[in-house]
Amino acid sequence: QEQPGRIHHEFRDFRTWKSTFFERIPFIVLNQKWDIRDRRLLSYFSLDTTSSYIRLVHKHATRIDRAILDRSTTNHHGHTQTIEQSIVAAAEWIMDKVNDRGLVGEWRRNPWSLPFQTFQDSLYARRDRSLVNYTDFTTYVEVQALAADALYDMAHLLPRHEKAQIWRETARRMHQSMIHEFSNEDGFLASA
């Protein structure tokens, strides 16, 4: 599920991972289904890591050292870019995920992936205790909030960027959609 701008949620090198045989069994079984190559796992199942990455860079740049934006990094394809370029690409990935209702979500693309596409891998259930249909387009309240915050952070961090105003407006719309779409009759936000 790798896509331009998307930040992975797990990298595991099985050559150095200190684990028991029983901890490795799921990875042995899912070797081809999760695209484990050269005894390494690089997965992109989670929807919230891209937003978390932007928020982390924003916090570091505004509180510790803005020069981090000029540092270069090389990805696993050998492509080098600055941290600033990587967060702009990450923001564009988020923008591509926002639907016409102002929600960020996704369909589960890999039937062998974790059912719920968030970092916490929780089970999302309705009041009647039935699980949310994870095979349909799903958005999660924490993904929605983190993505909107990440776009606000981008506009704050790069106020002169040509897309700063669009990021800000999209973030505002996403927050409004979150309150409208996720609020239940008791005044609480639903999880998904």
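**Close-up views of a predicted model**

View A. Ala192 belongs to the segment that comes after helix α5. The structure shown in this and the following views is a predicted model. With a relative accessible area of 34%, Ala192 is partly exposed, because that category covers the values between 20% and 50%. In sequence, 87 residues separate Ala192 from Gly105. In space, the C-alpha atoms of Ala192 and Gly105 are 9.9 Å apart.

**View B. The packing of helix α3 with helix α5.** Two packed helices are described by the angle between their axes and by the distance between those axes. Helix α3 comprises residues 83-97, and helix α5 comprises residues 164-182. Their packing angle is about 45°, and their axes are 12 Å apart. Helix α3 is therefore oblique to helix α5. The crossing in which α3 passes α5 is left-handed. On the side of α3, the contact is made by Val88, Ala91, Glu92 and Met95. On the side of α5, Ile166, Trp167 and Thr170 take part. Sorted by class, the residues of this contact comprise 5 nonpolar, 1 polar and 1 charged.

**View C. The packing of helix α2 with helix α3.** Helix α2, formed by residues 49-63, packs with α3 at an angle of about 140°. The axes of α2 and α3 lie 9 Å apart. The two helices are therefore oblique to each other, since only an angle over 145 degrees would count as roughly antiparallel. Helix α2 passes α3 in a left-handed crossing.

**View D. His58 in helix α2.** What does His58 touch, apart from residues up to four places away in sequence? The residues in question are Asp153, His156 and Leu157. His58 itself lies in helix α2. The relative accessibility of His58 is 10%, so this residue counts as buried, the limit being under 20%.

**View E. The aromatic pair of Phe21 and Phe22.** A search of the whole structure finds 1 aromatic pair. This pair is formed by Phe21 and Phe22, with ring centres 5.9 Å apart. The planes of the two rings make an angle of 70°, and the pair is therefore edge-to-face, a class that requires an angle over 60 degrees. Phe21 is exposed, its relative accessible area being 54%. Phe22 is likewise exposed, with a relative accessible area of 66%.

**View F. Arg15 in the loop between β1 and α1.** Arg15 is located in the loop that lies between β1 (10-13) and α1 (21-29). The relative accessible area of Arg15 is 45%, and Arg15 is accordingly partly exposed. When residues up to four places away in sequence are set aside, Arg15 touches Asp38, Arg39 and Arg40. Along the chain, Arg15 and Gly187 are 172 residues apart. The C-alpha atoms of Arg15 and Gly187 are separated by 49 Å.

Conventions: Residues numbered from 1 in each chain as written. Predicted model: local features only at pLDDT ≥ 70, side-chain atom pairs only at ≥ 80, totals over all residues. Heavy atoms only, no water. Axes fitted to C-alpha atoms, helices over the stretch in contact; angles between N-to-C directions. Helix = DSSP H or I, 4+ residues; strand = E, 2+ residues; numbered from the N terminus. Parallel < 35°, antiparallel > 145°, perpendicular 65-115°, else oblique. Left-handed = near helix turned anticlockwise from the far one by under 90°. Contact = heavy atoms within 4.5 Å. Nonpolar A, V, L, I, M, F, W, Y, C, P; charged D, E, K, R; others polar. Phe/Tyr/Trp six-rings, centres within 6.5 Å; stacked < 30°, edge-to-face > 60°. Buried < 20%, exposed > 50% of the residue type's maximum accessible area, 1.4 Å probe, protein only.
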